[in-house]
Amino acid sequence: MNNVIIIGGGPAGMIAGISAANIGDKVIIIEKMNSCGKKLLITGKGRCNITNNIDINGFVENTPCNGRFLYGVLNNFDNNDIIKLLEEEGVKTKIERGGRVFPLSDKSQDVLNALLKVLKRLNVKILTNTKVEKIIVNNGAVEGVRLDSGEELKANKVILATGGKSYPVTGSTGEGYNLAKELGHTINKIRPSLIPLVSNEEVCGKLQGLSLKNVAIKLKSNDKVIYEDFGEMLFTHYGVSGPIILSASAHLIRYKNLDELLKENKVKIDIDFKPALTEEKLDLRILRDFSEVKNKEFKNSLDKLLPQKLIPVVIEKTKINPYKKVNEITKEERFKIVKILKCFEINIIGMRPIEEAIITSGGISIKEINPKTMESKIVKGLYFAGEIIDVDALTGGFNLQIAWSTRIYGRTLNYK
Ligand SMILES: Cc1cc2nc3c(=O)[nH]c(=O)nc-3n(C[C@H](O)[C@H](O)[C@H](O)COP(=O)(O)OP(=O)(O)OC[C@H]3O[C@@H](n4cnc5c(N)ncnc54)[C@H](O)[C@@H]3O)c2cc1C
């Protein structure tokens, strides 16, 4: 029997605890907050997008940073396994848009309760309000951990599952990186990912609060399209946010010379407000709308086509006199409206701080982790699980699946 200490009681730590205890190991989870799973509770806006209903290749494709590293662990424990585990504990699930899997109750608390219930049944000890300050290593193998109280706990296996550096109020403050660094591990550059983007365009402030559902975006760097998406976005006082912007950020952060490109105003987002219509069809649609309000002023002619907040901004961009009668608007002017609606360009100058990121990109270098067992290649008996590893994915339940799957801790096993 192994004595296993798990540092961090997030989703990765809890599921690792279940896996280890299930094969008879003696397990202690050490969590520095007053309870486990604080971040889990806020996932999916409190609804917890547990995983995605996609195949393993799909998971890898949706993990732009080091996705292929996950093949082994996904083959061992995938979306069906976590769904099965939760359903057996009474958490029914449902599938929503884009294959996103949620608890039927829409409550992340139910997911957390189920995990805690299994941990209790398996006699896993959970020490809350307790922080690990050091991993004790002797002759290249783990021997235990030292707590903030100075007390030392013995273990022949330690699983480091301290998460990333975002939303620090949940406990994820990045301490795990230092614990691993002290033992000789390389920490690849920590950056925010799935993060809102900052713009210096006044229009963002004017459109603040405007949420748009079916829009298409093109993220461009130096006029080259690096990412395209379709879905929901939001204007904020600092720039743009919402699901498709967050996904775009995950591609942007990996772009070389990003800081220079941002400084030189070479990163743009083109928004297509009417992706279902070609330019020609949109022109016809505007013509039809105009024919119904021929004698109105231009500023009062777009109500049917656009949300109220967007109208003055679009009108300003067209530079057409807002008081001009609709029947005086020329074909060229109409074409200008079409162009703006199909390609509304926003300049991007940066990202919001890491504290606001859904995910931390970077972390423990995968080169130093055995992909089959998640064991450190540097320290015997040291394992990694979850967001601390330099693997990160897009939105859609993929990041939690990384936490669920990397709980493997050297074994091929079912949780029961
Ligand atoms: C707002 C938000 C919404 C999200 N929604 C989703 C979603 O719907 N679907 C999805 O797939 N992903 C989502 N994510 C991402 C997901 O929450 C993370 O990928 C996941 O929580 C990572 O799990 P983890 O166990 O590796 O780390 P964490 O959840 O960060 O847990 C790490 C734990 O370690 C503890 N800890 C840290 N240092 C120490 C120490 N020294 N000693 C003891 N304990 C320590 C922390 O207190 C924390 O409890 C969301 C993230 C955010 C911020």
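Predicted model: local features only at pLDDT ≥ 70, side-chain atom pairs only at ≥ 80, totals over all residues.
The chain before you divides into two domains: domain 1 takes in residues 3-192 and 357-408, and domain 2 covers residues 196-351. The C-alpha centres of domain 1 and domain 2 are 39 Å apart. Where the domains meet, nine residues of domain 1 are in contact with six residues of domain 2.

Let me turn to the chain as a whole. Its C-alpha trace extends over about 85 × 45 × 35 Å along the principal axes. The secondary structure consists of 14 helices and 19 strands. Of the 416 residues in the chain, 55% are buried. The accessible surface amounts to about 18,500 Å², and carbon and sulfur atoms contribute 49% of that. As for the contacts in the chain with a separation of 6 or more, 71% of them join residues 24 or more positions apart.

I come now to the ligand. How many residues surround the ligand? The count is 35, and the closest are Glu-31, Gly-44, Ser-172, Glu-387 and Leu-400. By class, this shell comprises 14 nonpolar, 15 polar and six charged residues. Three helices, α1 (11-22), α2 (38-42) and α14 (398-405), each provide at least two residues of the shell. Which element gives the most to the shell around the ligand? That is α14, with three residues.

In the side chain of Ser-172, an N or O atom is 2.7 Å from an oxygen atom of the ligand. A polar backbone atom of Glu-387 is 2.9 Å from an oxygen atom of the ligand. At Lys-32, a backbone N or O atom lies 3.2 Å from a nitrogen atom of the ligand. Taken alone, the ligand would expose 1,000 Å², and the protein buries 95% of that area.

Is Val-267 buried or exposed? With a relative accessible area of 0%, Val-267 falls under the 20% limit and therefore counts as buried. Beyond residues up to four places away in sequence, Val-267 touches Leu-219, Lys-220, Leu-252, Leu-258, Leu-261, Leu-262, Ile-346, Asn-347 and Ile-348. The C-alpha atom of Val-267 is also 6.5 Å from that of Asn-222, although 45 residues separate the two along the chain.

The second residue is Thr-318, in helix α12 (residues 310-318). Thr-318 is buried, and its relative accessible area is 0%. Which residues is Thr-318 in contact with, once neighbours within four places in sequence are left aside? They are Phe-298, Lys-336, Ile-337 and Ile-340.

Setting aside residues up to four places away in sequence, Ser-247 touches Leu-194, Tyr-227, Asp-229, Leu-394 and Thr-395.

Definitions and conventions. Residues numbered from 1 in each chain as written. Heavy atoms only, no water. Near = heavy atom within 4 Å. Polar contact = N/O pair within 3.5 Å; in protein donor to acceptor, adjacent residues only side chain to side chain. Areas by Shrake-Rupley, 256 points an atom, 1.4 Å probe, with all protein chains shown as cover. Helix = DSSP H or I, 4+ residues; strand = E, 2+ residues; numbered from the N terminus. Nonpolar A, V, L, I, M, F, W, Y, C, P; charged D, E, K, R; others polar. Contact = heavy atoms within 4.5 Å. Buried < 20%, exposed > 50% of the residue type's maximum accessible area, 1.4 Å probe, protein only. Domains from an automatic or database assignment.
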